Structures are given as C-alpha cells and as structure tokens.
Amino acid sequence: MSRPPELLSIGELSARSGVAPSALRFYEKLGLIRSTRTSGNQRRYERTELRRVAFIRISAQVGVPLETIKEALASLPANRTPTKADWARLSAGWRGHLDEQIKLLERLRDTLTGCIGCGCLSLKTCRLVNTDDDLAAKGPGPVILTRP
C-alpha cells in the first residue's frame with residue numbers, strides 16, 4: 001500500500017522554492033500548479049509541486065512566457081506524479097524552443113552595441129546603421145535580431 005503524499009503549506013512551499021506566496025497563488029490561478037484544501041480551506045501542495053515551481057521559475061527567468069510554460073506542464077500526467085521519463089519527454093520537446101532562445105540571446109549580446117533594428121531610430125536617418133531607414137521595409141520591432 002502506498003503512503004499518502006507529504007503535503008506542504010503555502011508558506012512551506014514558498015520557503016522551499018524561494019517563490020513568494022502571492023506568486024504561488026498566481027501560478028495556481030493560471031493552472032500551472034495544483035493544491036488541495038484542508039477543512040479550514042487552507043492550501044496544501046504535494047511535495048512534487050516543488051519541481052513544477054522550479055521549472056516555472058527558471059523558465060520565466062530566461063524569458064519563456066507563462067502560456068508556453070503552461071502548455072509544457074500540461075503535457076505531464078495529471079493523475080500521478082510525473083516520472084523521470086515524463087520530465088525527459090518534456091525536456092526533449094523543449095530543446096528546439098530553448099535552442100532558438102539561446103540563438104536570440106547570443107544575437108542580442110553580439111549586436112547590442114550596434115543597430116538591432118528596434119525601430120526607435122527609424123525616422124529618416126539612423127546614426128548607427130540604418131541611414132536611409134531601409135529597415136522600415138522589413139517590418140516593425142527589432143528586425144535585425146528577430147529576423148535571421
């Protein structure tokens with residue numbers, strides 16, 4: 001017979017994960033993490049939610065949108081604790097996305113001191129690179145960085 005999962009209060013999950021209780025409530029509201037309620041209506045989280053919170057936190061820190069994180073977490077089983085194989089499958093599916101993020105960050109690092117085609121200088125002349133505003137024809141935003 002399996003033993004019941006160890007449950008953490010929101011304060012314990014916050015202390016262990018380094019994420020503020022308000023952020024944990026927000027993550028729960030978005031469906032990124034799950035809790036149960038006590039008879040006194042207090043949140044209780046299974047210890048396995050720590051891995052989800054860590055995944056959310058590090059993904060968000062490198063600029064992955066919460067909606068993308070939610071889609072990835074939705075690929076994990078809802079009826080049981082995710083296994084190492086489940087996390088490996090999620091990781092393999094994210095590899096391409098992460099590689100693209102890395103390439104974008106490298107382009108930003110390497111071109112930040114020059115023109116990134118951000119549009120802020122897309123007036124009649126750009127003192128850096130876009131002298132005749134040729135970048136305007138390529139569209140809005142940082143066209144040099146976002147369009148390979």
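Me: Which residue has its backbone oxygen 3.5 Å from a polar atom of the side chain of Arg52?

Reply: Leu32 does; its backbone oxygen and a polar atom of the Arg52 side chain lie 3.5 Å apart. A polar contact is a pair of N or O atoms within 3.5 Å; within protein, one must be able to donate a hydrogen and the other to accept it, and residues adjacent in sequence count only if both atoms are side-chain atoms. Before we go on: the model is predicted, with local features needing pLDDT of at least 70 and side-chain atom pairs pLDDT 80 or more, while totals for chains, interfaces and linings use all residues. Residues are numbered from 1 along each chain as its sequence is written, and side-chain values use heavy atoms, leaving out hydrogens and water.

Me: Is Arg52 buried or exposed, in terms of relative accessibility?

Reply: Buried means under 20% relative accessible area, exposed over 50%, and partly exposed in between (1.4 Å probe, protein chains only). Arg52 has 4% relative accessibility, so it counts as buried. Not counting residues up to four places away in sequence, Arg52 touches Leu32, Ile33, Arg34, Leu73, Leu76, Pro77 and Trp87, where contact means heavy atoms within 4.5 Å.

Me: In which helix is the place of Arg52?

Reply: Helices (H or I, at least four residues) and strands (E, at least two) are DSSP runs, numbered from the N terminus. Arg52 sits in helix H3, residues 49-61. The expected span of a helix is 1.5 Å times one less than its number of residues. With 13 residues, H3 reaches 18 Å from its first C-alpha to its last, close to the expected 18 Å. After H3 comes Gly63, whose phi is positive, near 95 degrees.

Me: Which residues in H3 are buried?

Reply: An α-helix has 3.6 residues a turn, so residues three or four places apart point the same way. In H3 the buried residues are Glu49, Leu50, Arg52, Val53, Phe55, Ile56 and Ser59. Their packing partners are strand E1 (7-9), H1, H2, strand E3 (43-46), helix H4 (66-74) and helix H5 (84-111).

Me: At what angle do helix H1 and helix H2 pack?

Reply: Two packed helices are described by the angle between their axes and the distance between the axes. Here axes are lines fitted to C-alpha atoms, for helices over the stretch in contact, and angles run from 0 to 180 degrees between N-to-C directions. H1 (residues 10-17) and H2 (residues 21-30) pack at about 105 degrees, with axes 9 Å apart. That makes H1 roughly perpendicular to H2 (under 35 degrees is roughly parallel, over 145 roughly antiparallel, 65 to 115 roughly perpendicular, the rest oblique). Ile10, Leu13, Ser14 and Ser17 of H1 meet Pro21, Leu24 and Arg25 of H2.

Me: Which side chains does a polar contact of 2.8 Å join?

Reply: Those of Glu28 and Arg43. Glu28 belongs to helix H2 and, at 19% relative accessibility, counts as buried. Leaving aside neighbours within four places in sequence, Glu28 is in contact with Ile33, Ser35, Arg43 and Tyr45.

Me: How far are the C-alpha atoms of Lys70 and Gly31 separated?

Reply: By 7.3 Å, although these residues are 39 apart along the chain. Lys70 is in helix H4 and is partly exposed, with a relative accessible area of 35%. Leaving aside neighbours within four places, Lys70 is in contact with Leu30 and Leu32.

Me: How many helices and strands does the protein have?

Reply: Six helices and three strands, running β-α-α-β-β-α-α-α-α from the N terminus on. Of the 148 residues in the protein, 27% are buried.
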